[in-house]
Amino acid sequence: MNAGFPEPDQRVRLVESRRTRARTPVLDQEADPPMRQHRVQHVTIHGHRRAYVKAGKGPTLLLLHGLGCTHRTWLPVLDSLARRYTVIAPDLLGHGQSDKPRADYSIGAFANGMRDLLTVLGIDKVTVVGHSFGGGVAMQFAYQFPERTERMVLVGSGGLGPEVSAAIRAITTTGFYQVMGALTMPGVRHLGTAGLKGLSRTGIKEFRDFDEVAEIYQSLRDPAARAATRHVVRAVVDWQGQIVSMADRAYLTEAMPMCVVWGDQDRVIPVSHAARAAELAPKARVEVMPNAGHFPHKDHPERFVRILNDFVRSTSPATYSRARWRRLLQQGAASAVPLRAVEAPTA
């Protein structure tokens, strides 16, 4: 447990789990059968083709992936979740099989895109689940469209503090596009991908997420994907770290059930942000999974599904009230957490 981190009997609960392979979960009495592929469907909205997977039947879960990832990051848990829910897992604009236009890649634009996708699919309300950058989109979706959000689940999420890995900050630099263009040329890319996947299999905790990094690295061979990734990161990160935060609006979560899940060995966004979530939203359920990295839903899929099922089962969906929302806005402004002032770059 990190120094200064709340003890398990406080607001943050330590969830014990065993390490499983991300793509081939260990089978036990509660484990799921080997995951299968799902048909990717497409719909055109505002002239842009958007890819998504839809599975299952029941209350709707909207699963939002992180930066450089796709709906495939949810495959280890998708089949299990589809037993109880209608699961919608899109490729965000600029990612995967969705279009990668020169467009608005702000958090607000992504939230709007998810509202429009759900509207086209005839889905009114969802429990929104966001991983990493997708967590930022989930928070923005809940903020912009509280009448369509029943619950919010944040997984290793952005938007809870400035700290983020140097690799993410590097994407904002001027030479990222050109450097990655050289690094993703066929020969170099094949060697790099093999090296990353090999390191992920060593069992060394610092390399546990490198299989996912390899997939992101592969995706950047597409010039349009590189450009889109740079636009996305520059909208939420600068040289100081993350610039988008829920801190000043966290009091609004009083009107909505919220769950936060983190891996205790996250090397992308520090696990201390889970404690920050507990401070900002005291009513939130916060789960820290031991022996898990930035992708706890892939490291321990069966445990992640149990956490999510229990959270949905034990909470009532939020019901939007304009009067209550107005009251929170009026009362919460005085107690909102101030954001850190912008600092000028040093010479």
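Colleague: Where is Ser132?

Modeller: Ser132 sits in the loop between β6 (126–131) and α3. Bear in mind that this is a predicted model.

Colleague: Is Ser132 buried or exposed?

Modeller: Buried. The relative accessible area of Ser132 is 11%, and the cut-off for buried is under 20%.

Colleague: And what is the phi of Ser132?

Modeller: About 55 degrees. That is positive, although Ser132 is not a glycine. Most residues other than glycine have a negative phi.

Colleague: What about His46, what is its phi near?

Modeller: Phi of His46 is near 55 degrees, and His46 is a residue other than glycine. His46 is found in the loop between β2 (41–45) and β3 (48–55).

Colleague: Buried or exposed, that His46?

Modeller: Exposed. His46 has 62% relative accessibility.

Colleague: Back to helices. At what angle do α2 and α3 pack?

Modeller: About 70 degrees. Helix α2 covers residues 107–120, helix α3 covers residues 133–144, and their axes are 8 Å apart. So α2 is roughly perpendicular to α3, because angles of 65 to 115 degrees count that way.

Colleague: Which residues in α2 and α3 meet?

Modeller: From α2, the list includes Ile107, Phe110, Met114 and Leu118. Partners in α3 include Phe133, Val137 and Phe141. The residues of this contact of α2 with α3 divide into 8 nonpolar, 5 polar and 1 charged.

Colleague: How do the axes of α5 and α8 cross?

Modeller: At roughly 145 degrees, coming within 10 Å. The crossing of α5 past α8 is right-handed. Phe176, Tyr177, Met180 and Gly181 in α5 meet Pro223, Arg226, Ala227 and Arg230 in α8.

Colleague: New topic. Where is His95?

Modeller: In the loop between β5 (86–90) and α2. His95 counts as buried, at 3% relative accessibility.

Colleague: What does the side chain of His95 reach?

Modeller: The backbone nitrogen of Gly68, at 3.2 Å. Leaving aside neighbours within four places in sequence, His95 is in contact with several residues, among them His65, Cys69, Lys100 and Val232.

Colleague: Last one. Which strand holds Val286?

Modeller: Strand β11, residues 285–289. Val286 is buried, with a relative accessible area of 1%.

Colleague: How far apart are Val286 and Cys259?

Modeller: In sequence, Val286 and Cys259 are 27 residues apart. In space, the distance is 5.8 Å, C-alpha to C-alpha.

Key: Residues numbered from 1 in each chain as written. Predicted model: local features only at pLDDT ≥ 70, side-chain atom pairs only at ≥ 80, totals over all residues. Heavy atoms only, no water. Axes fitted to C-alpha atoms, helices over the stretch in contact; angles between N-to-C directions. Helix = DSSP H or I, 4+ residues; strand = E, 2+ residues; numbered from the N terminus. Parallel < 35°, antiparallel > 145°, perpendicular 65-115°, else oblique. Contact = heavy atoms within 4.5 Å. Nonpolar A, V, L, I, M, F, W, Y, C, P; charged D, E, K, R; others polar. Buried < 20%, exposed > 50% of the residue type's maximum accessible area, 1.4 Å probe, protein only. Polar contact = N/O pair within 3.5 Å; in protein donor to acceptor, adjacent residues only side chain to side chain. Left-handed = near helix turned anticlockwise from the far one by under 90°.
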